[in-house]
Amino acid sequence: MFRSAILVFVILLSSEGFLFAQKRTGKLYRIDRYESVYLPLGKISFADKLVEFKVGTPVPIKKYRDSIQCLDEPNYKNYQTPNFLSLGCGGSLTVEFTDNGFMNLPGDDLYLFEVGPSQEAAKVEISQNGTDWVYAGKIAGGKSSLDLSNEGIDPEIVFYFLRITDLKELCKSKSAGADIDAIGAINSVIKLTINADVLFDVAKYDLKETARHSLDSLAKTIQKVDKATILIEGHTDSDGDEISNMELSKNRCISVKNRLYEIFGKDVLYEFEIKPYGESKPRFPNDSEENKQQNRSVEITVLPPKDYYDSINKG
Ligand SMILES: [Ca+2]
Ligand SMILES: [Ca+2]
């Protein structure tokens, strides 16, 4: 009797631990027997969509050429089970991130889950739009993470595309070319831009009645992640004077923050940060009504939480 009571207690404790872990989005992914990599925004951080796969020559055997195996969370078991994609010698792979983007923020930014007996060198490029590409680094010899700072990548840009090209170092094995199980963004973000006209009347900062609806649906997207820093940035056009535009964008940021607080409730694990820019950072020149409208915006960026960055600073 006594013994079974203890057993029940232990089960309760561990299931509670499980639930607790479920409440945090951040997740550790195993790399090999000894190492893991932590992705602070968890499951959403992986490449979602295949854009193009150009198999290299010699081609890998058929079972290693199922191109969608490089998407979503890593699931490598062993080399016999083909849940990864072999690029083939010189092959290349382009993927898109659809429910997240990635940025050059502190620490490593990307992690390529390359598997199999030999680690083959590959070149990585990134893009905002899938058309214009910049070099982002190389994975080789057991190094699978990339810090975009090493290539001087602008820390304000959100990227959505990644291309990986095998560098033809090892072309003889059955799975010639780099073997990719998953492509993860360590510095994963969700960026949402709303036209300020949807939320506010001209020169006002209290939310329009219809704005609530738009913010409700944005909130649902944010809630895919349950622990994060939520950065709210406000921009105006250049009509009116600079000081009042700054004041306006600050008050608008606060209105958005307050509304999100209201939707989420007090117990959430989000930390809010506000950055009003007024007219100081226009996306387009303020020379037409259309451009001005585009410049009036509120940007919400869901970022990895501060304690993640504290932990990497401590090393
Ligand atoms: Ca994703
Ligand atoms: Ca970085």
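These are my notebook entries on what I looked up in the predicted model above.

**Ground rules.** I number residues from 1 along each chain as its sequence is written, and chains are lettered from A and ligands numbered from 1 in the order in which they are written. Since the model is predicted, local features need pLDDT of at least 70 and side-chain atom pairs count only at pLDDT 80 or more, while totals for chains, interfaces and linings use all residues.

**Entry 1, the whole chain.** I began with the secondary structure, which comes to 6 helices and 16 strands; helices (H or I, at least four residues) and strands (E, at least two) are DSSP runs, numbered from the N terminus. Taken along the principal axes, the C-alpha atoms of the chain fill a box of roughly 70 × 65 × 35 Å.

The chain is divided into domain 1 (23-186) and domain 2 (190-313), with bounds from an automatic or database domain assignment. Their centres, taken over C-alpha atoms, are separated by 32 Å, and 13 residues of domain 1 are in contact with 12 residues of domain 2. On the side of domain 1 that touches domain 2, I find 5 nonpolar, 5 polar and 3 charged residues; here Ala, Val, Leu, Ile, Met, Phe, Trp, Tyr, Cys and Pro count as nonpolar, Asp, Glu, Lys and Arg as charged, and the others, Gly among them, as polar.

An open sheet of 5 strands has the order β3-β5-β11-β8-β9, with antiparallel pairing; two strands pair if DSSP finds at least two bridges between them. Because β3 (49-54) and β9 (133-139) stand at the edges with a single partner strand each, one side of each is left without a neighbour in the sheet. From one strand to the next the twist averages 20°, with axes being lines fitted to C-alpha atoms (for helices over the stretch in contact) and angles running from 0 to 180 degrees between N-to-C directions.

I then followed β11 (residues 161-166), which pairs with β5 (residues 92-96) over 5 bridges in the antiparallel sense. Ser-92 stands opposite Thr-165, and Glu-96 has Phe-161 as its bridge partner. Strand β8 (residues 122-127) is joined to β11 by 6 bridges, also antiparallel, with Ala-122 opposite Asp-166. Are the faces of β11 buried or exposed? Both are covered, with Phe-161, Arg-163 and Thr-165 buried on one side and Leu-162, Ile-164 and Asp-166 buried on the other.

Why does Gly-56 count as buried? It does so because it has 20 C-beta neighbours inside 10 Å. Leaving aside its neighbours within four places in sequence, Gly-56 is in contact with Leu-87, Gly-88, Cys-89, Gly-90, Gly-91, Asp-166, Ala-176 and Gly-177.

**Entry 5, the mixed sheet.** A further open sheet of 5 strands runs in the order β6-β13-β16-β14-β15, with mixed pairing. Its edge strands, β6 (101-102) and β15 (269-278), each pair on one side only. Strand β14 (residues 227-235) runs parallel to β15, joined to it by 9 bridges, and Ile-232 stands opposite Ile-274 in β15. Helix α4 packs on this sheet, touching β14, β15 and β16 (297-303), and its direction makes about 160° with that of β15.

Helix α3 (residues 211-222) packs against α4 (residues 242-264) at an angle of about 65°, with their axes 10 Å apart. Which residues make the contact? From α3 these are Leu-215, Asp-216 and Ala-219, and from α4 they are Val-256, Arg-259, Leu-260, Ile-263 and Phe-264. By class, the residues of this contact divide into 6 nonpolar, no polar and 2 charged.

Note on methods: A residue is buried if 20 or more other C-beta atoms lie within 10 Å of its own, exposed if 12 or fewer, and partly exposed in between; C-beta atoms are placed from the backbone. Two residues are in contact if their C-beta atoms, placed from the backbone, lie within 7 Å.
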